[in-house]
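The sequence and the structure are displayed first.

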Amino acid sequence: MPRVTLALVGAGLRGLTYARHALAAGAGEVVAVAEPDPVRRAAAGREFGVPADRLYAGWEELADRERLADAAVIATQDRLHTAPAVRLAGLGYHLLLEKPMATEEREAAAIAEAAERAGIMLAVCHVLRYTPYTRALRSLLDGGRIGRLISVEHLEPVGWWHQAHSFVRGNWRRADTSAPMLLTKACHDVDWLVHIVGGVPRRVSSFGSLTHFRAGDAPAGAAERCLDCPVEADCPYSAKRLYLGCLGDADSEFWPLSAVTDTFTEEGVVRALRDGPYGRCVYACDNDVVDHQVVAMEFADGVTCSFTMSAFTPMGHRRTRLHGTHGFAEGDGTSIRLVDFRTGAESVLDPAAAGASAADGHGGGDEALVEAFLDAVSTGDAGALASDGAASLATHRVVWAAELARRTGEVVTVEA
């Protein structure tokens, strides 16, 4: 089959990840790049062999021309998804859209409606649906291995240093400039839980707050920057330890270090920590998103689910317990322990899985999503995709309902 041509809108971490997987699969080709940062734009052009006249400083320049590619990868910042998604859908581009769809419900609905109106395929990057681990777990449930599902426990271990990097110092630290953390980080998990359970919950409640990363929790003598701090060596959130420790490791230089600096030397890192946002003390930032949150869900068939998102963990795969009428399953993102109530027998399933982080491809989900999208576009058959725009909008609405429940302290009914 001919390769699917792609326009890359946003050449940051996620956009490059998807584009590289497309090329590695041999099924995709980047033919245009829209990226406002001139250094990133030029680097992406060189990497993907895109001619200078197909390198654009913004998505608007791309959209002002006739359709140049079969599909567009939209990986701009979260608040900048809606306009390019709606416009490019109208031009006939199939869309691979980074999560979250948008930061407001009306904008997410506008994207889903634009895709339906244009008759194009819209795949939101809920990569957890595509991992070998998820497929094995879903097959186990479909096969009745634990009987009828009754309840679910799910943990997202954000990781202490990841919280500090992305949600205290980084781009997703404030709800007013990005979105609530449940949307920016855990819409993955809510979507995944809906996929596993097989339906959207009817009621949700939620509790959580910013409890630790505040000025009042700063240790005595702490400075505003780690480079100047006399207690930095004993702080678990030391920027010096985290970012200087990335040097020499290709995966860590790609993420998280590439968000801090494009100069991978000790001098380059120190300069970035001296002048940039990632060198700030975690107790002296302008962050306001939660550092822990729980969500309780009740489904129409009586299934209940508890979901915990916490910064105060090692970073790793999600952990899930599934309670059924005839059995119990416990998964850690790489293997699944299964207990059969009828015999008492225990077994372990070991689906192939990669690491949990963005640098590791989210357990194989990044690669599998891209391959499914390219297959769908090349064949014109959306059956390869695990969800569409309507399904993604429905799971986003669960997130917004949970955030409303957290803010009001009420049990919220999810819009059907």
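The sections below treat sheets, helices, aromatic pairs and selected single residues.

The model is predicted, so local features need pLDDT of at least 70 and side-chain atom pairs count only at pLDDT 80 or more, while totals for chains, interfaces and linings use all residues. Residues are numbered from 1 along each chain as its sequence is written, and side-chain values use heavy atoms, with hydrogens and water left out.

**Sheets**

Helices (H or I, at least four residues) and strands (E, at least two) are DSSP runs, numbered from the N terminus. Two strands pair if DSSP finds at least two bridges between them.

Leucine 8 has valine 73 in β4 as its bridge partner.

Another open sheet has nine strands, ordered β14-β13-β12-β11-β7-β10-β9-β8-β15, and its pairing is mixed. Here the edge strands are β14 (346-349) and β15 (412-413), each of which pairs on one side only. Seven bridges connect β7 (residues 149-157) with β10 (residues 304-310) in the parallel sense. Valine 152 has cysteine 305 in β10 as its bridge partner.

Axes are lines fitted to C-alpha atoms, for helices over the stretch in contact, and angles run from 0 to 180 degrees between N-to-C directions. The table sets out both helices.

| Helix | Strands touched | Angle to a strand |
|---|---|---|
| α6 | β7, β11 (319-324), β12 (327-331), β13 (336-340) and β14 | about 10 degrees with β13 |
| α9 | β7, β9 (292-298), β10 and β11 | about 155 degrees with β7 |

**Helices**

Helix α6 (residues 132-142) also packs against helix α9 (residues 187-197), at an angle of about 30 degrees and with the axes 9 Å apart. This makes α6 roughly parallel to α9; angles under 35 degrees count as roughly parallel, over 145 as roughly antiparallel, 65 to 115 as roughly perpendicular and the rest as oblique. On the α6 side the contact involves Tyr133, Thr134, Leu137, Arg138 and Leu141, and on the α9 side Trp192, His195, Ile196 and Val197.

Helix α13 (residues 365-379) contains 15 residues and reaches 21 Å from its first C-alpha to its last, close to the expected 21 Å at 1.5 Å a residue. The expected span is 1.5 Å times one less than the number of residues. Buried residues (under 20% relative accessible area; exposed is over 50% and partly exposed in between, with a 1.4 Å probe and protein chains only) of α13 include Leu369, Val370, Phe373 and Leu374. Glycine 380 follows α13 and has a positive phi, near 75 degrees.

In helix α4 (residues 82-90), the buried residues are Thr82, Pro84, Ala85, Leu88 and Ala89. They are covered by elements including β1, α3 (59-63), β4, β5 and α5. Glycine 92 follows α4, and its phi is positive, near 100 degrees.

**Aromatic pairs**

Rings of Phe, Tyr and Trp (its six-membered ring) pair if their centres lie within 6.5 Å; planes under 30 degrees apart count as stacked, over 60 as edge-to-face and the rest as tilted. By this rule there are four aromatic pairs. In one of them, tryptophan 161 and tryptophan 255 have ring centres 5.5 Å apart and planes at 50 degrees, so the pair is tilted. Tryptophan 161 belongs to helix α7 (residues 160-168) and tryptophan 255 to the loop between α11 (250-254) and α12 (266-275), 94 residues apart. Tryptophan 255 counts as buried, at 9% relative accessibility.

Phenylalanine 213 and tyrosine 237 form an edge-to-face pair, 5.0 Å centre to centre with 75 degrees between the planes. Both lie in the loop between β8 (203-209) and α10 (239-244), so the pair ties together parts 24 residues apart in sequence. Phenylalanine 213 and tyrosine 237 are both buried. Ring pairs link Phe213, Tyr237 and Phe312 into a cluster.

**Single residues**

Serine 387 is located in the loop between α13 and α14 (389-408). With 9% relative accessibility, serine 387 counts as buried. Leaving aside residues up to four places away in sequence, serine 387 touches Leu122, Arg129, Tyr130 and Ser392.

Glutamate 104 sits in the loop between β5 (94-97) and α5 (105-118). Its 37% relative accessibility makes glutamate 104 partly exposed.

Technical notes:
Contact = heavy atoms within 4.5 Å.
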